[in-house]
Amino acid sequence: MTHADWHLELDFSKKTIKGTGLYTLQHQGAPEVIFDVRHLQITGVKLVGQEQEAEYHLTEEEPFLGQGLHIALREDTRQVEIRFVTTPQSAALQWLEPGQTAGKTHPFLFTQSQAILARTWLPCQDSPSVRFTYTARVQVPAHLLPLMSADNPQEKGATGEYFFQMEQPIPSYLLSLAVGDLAFAPLGQRCGVYAEPATLEAAAYEFADTEKMLEAAEDLYGPYRWGRYDLLVLPPSFPFGGMENPKLTFCTPTIIAGDRSLTSLVAHELAHSWSGNLVTNATWNDFWMNEGFTVYFERRIMEALYGPAYAEMLHTLGYQDLQLTLEELRDKPQDTCLHLNLAGRDPDEGLTEIAYEKGNAFLRHLEKLVGRDRFDLFVNRYFSQFRFQSMDTAGFEQFLEKELINGDDTLRQQINAAGWIHAPGLPAGQLPPKAVLFEKVAQELEKWQHGTAAQDLATHGWSTHEWLYFLTNLPQGLTQAQLEELDQAFGFTASGNAEVQAEWLRHAILHRYEAAYPALEAFLVRVGRRKFLLPLYKALLQTPQGTAQAQAIYQKARPNYHAVATSTLDALLNR
Ligand code: BES
Ligand code: ZN
């Protein structure tokens, strides 16, 4: 398929999308075309130019993958029309009741297509190495505004009918739709933010630097090729921090901290406009090429705006996460290689912190070896040469050989690409990043352990990242009195910063600090971001008491979670 034209009708009372897709095909006498579908009802197929219904069949349902929709073609068939309706099992979709939104009066719908869920809401060739342009006509109730990864309206129209166009070819995992009581605020010439009216002002404040990030990104790695860059703030059940849907990043409201301290996530999703959306991992085994480059690029953007000391904090926290992930995966060493083998598995389960932080560490290693100027030229050429194409790991290794190593045997050895990409763990001899700004945090932590009262520690002026370093490096085996002391001095249980609060709640669970339990339950019921849920539920599951507590909370919270969160948590909690 090279282009699709969809007509989508949303029914919020039935919670269905009824659609028709007109797919343009490019082929030379192919006997059939195959689309991916999963938990999607197919109601009819036509070959454009033929009066009668076309012949098609669905293959047997496979776990994760769903079914192949095979449509017999004629030699002259250029377009096929598929009619379909989503089902309650369409896992990309989360239909929210008004009570699950900020405004509490209107329902909401959003999609999450990555990695292989696009096929659950529309038939498509659901591989990251197939690209197509699209248009869509979308019908929604008149009081709601739909948005897509496309050119978007900035206000509601009278009829509830909207037209969308995506002129740049994209892979299916970047298809997205959100519908709700949404309003728009500009952030600059090319950037803006959509949110529910109740959240819009806070969102516009938080993301005020977005346009500057975009300019910094272009200065680093070449023109932004997508026209506008807007953000959409979703309700708190959104299962990820952010999703790089082209032209319109989807993000969790849990990064609205009130002090702009969690906006590296915006830099991250923006960076995907190059790494991922422009040059796309050819398969999910090559996921590190999307995320590793993006983490590296994200921190270059943050460095350009806020300086190297800031970026170094992000690297240091990321490296700590990497160490924890390596530890967690010690029985699955193959999953700690950059290049993965996900055959027979749900890609969603194989995608870990390794791709992000080991990928980033590899690129930093290259940068250090050849110097920043040479490395930046290399990355520029990579994005420019392969734009709007997919790239696999072997292709990257070839490009590395040709454009960076260029016959230099010493450099080839120093780089040790095979060790990074195809061997588990981290190659020996890596110096971990060490943020200067964290030295004083370590000192204060030390003082506290040696008897200085928490309220007498020199914490004035600490940013979120310093607090996160403090919390992630708290010793084990704290007493109730110590937890109480910290909480009283620093107000962690009631923190308005979701990252800080989540990390504190994990300690609260591990130490059975009951004063934080009401906040813990409220957090788990309100927030559906998988990165927060997993560590908290896992911490609860470490004791029988905690397990009972986890089951009770999950019972209550589950209706608020998106399918990508429940599929992981159901397995974890034996549901
Ligand atoms: N593309 C990812 C989210 C994703 C990955 C969804 C794999 C489905 C499958 C997105 O860019 C991302 O990495 N989000 C992170 C935030 C980031 C700052 C590390 C997240 O959601 O936590
Ligand atoms: Zn990402």
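In which loop does A115 lie? A115 is found in the loop between β9 (108–111) and β10 (132–139), where helices (H or I, at least four residues) and strands (E, at least two) are DSSP runs numbered from the N terminus.

This is a predicted model, in which local features need pLDDT of at least 70 and side-chain atom pairs count only at pLDDT 80 or more, while totals for chains, interfaces and linings use all residues. Residues are numbered from 1 along each chain as its sequence is written, chains are lettered from A and ligands numbered from 1 in the order in which they are written, and side-chain values use heavy atoms, with hydrogens and water left out.

**First stop: the backbone**

Select Q114 together with A115: the peptide bond from Q114 to A115 is cis, with omega near 0°. Next, select K104, in the loop between β8 and β9. The phi of K104 is positive, near 65°, and K104 is a residue other than glycine. For context, most residues other than glycine have a negative phi, and most peptide bonds are trans.

**Second stop: ligand 1**

Select ligand 1 and the 16 residues around it, of which Q114, G241, E244, E269 and Y356 come nearest; a residue is near a molecule if one of its heavy atoms lies within 4 Å of it. Then display the polar contacts, that is, pairs of N or O atoms within 3.5 Å. A backbone N or O atom of G242 is 3.3 Å from an oxygen atom of ligand 1. For H268, a polar side-chain atom lies 3.2 Å from a ligand 1 oxygen, and for H272 a side-chain N or O atom is 2.9 Å from an oxygen atom of ligand 1. The protein covers 87% of the 530 Å² of accessible area that ligand 1 has on its own (Shrake-Rupley method, 1.4 Å probe).

Colour β17 (242–243), α3 (264–271) and α4 (287–306), the elements that give two or more residues to this shell. The largest share, three residues, comes from α3. Domain 2 (182–273) and domain 3 (283–434) each contribute at least three residues to the shell; the domain bounds come from an automatic or database assignment. By class, the shell has six nonpolar, six polar and four charged residues. Here Ala, Val, Leu, Ile, Met, Phe, Trp, Tyr, Cys and Pro count as nonpolar, Asp, Glu, Lys and Arg as charged, and the others, Gly among them, as polar.

**Third stop: the cavity and a pocket**

On a 1 Å grid over the protein atoms alone, a cavity is a set of points where a 1.4 Å probe fits but cannot get out, and a pocket is an open set with protein on both sides within 12 Å along at least five of seven lines; lining residues have an atom within 4 Å of a point. A volume is the space filled by probe spheres set on the points, which are joined across faces, edges and corners.

Select W288, D335 and C337, which are among the residues lining the largest cavity. That cavity holds about 40 Å³ of space.

Finally, turn to the second largest pocket, with about 700 Å³ of space. Of its 31 lining residues, A91, L93, H562, A563 and T566 are the closest to its centre. Seven lining residues come from α19, which gives the most.

Technical notes. Polar contact = N/O pair within 3.5 Å; in protein donor to acceptor, adjacent residues only side chain to side chain.
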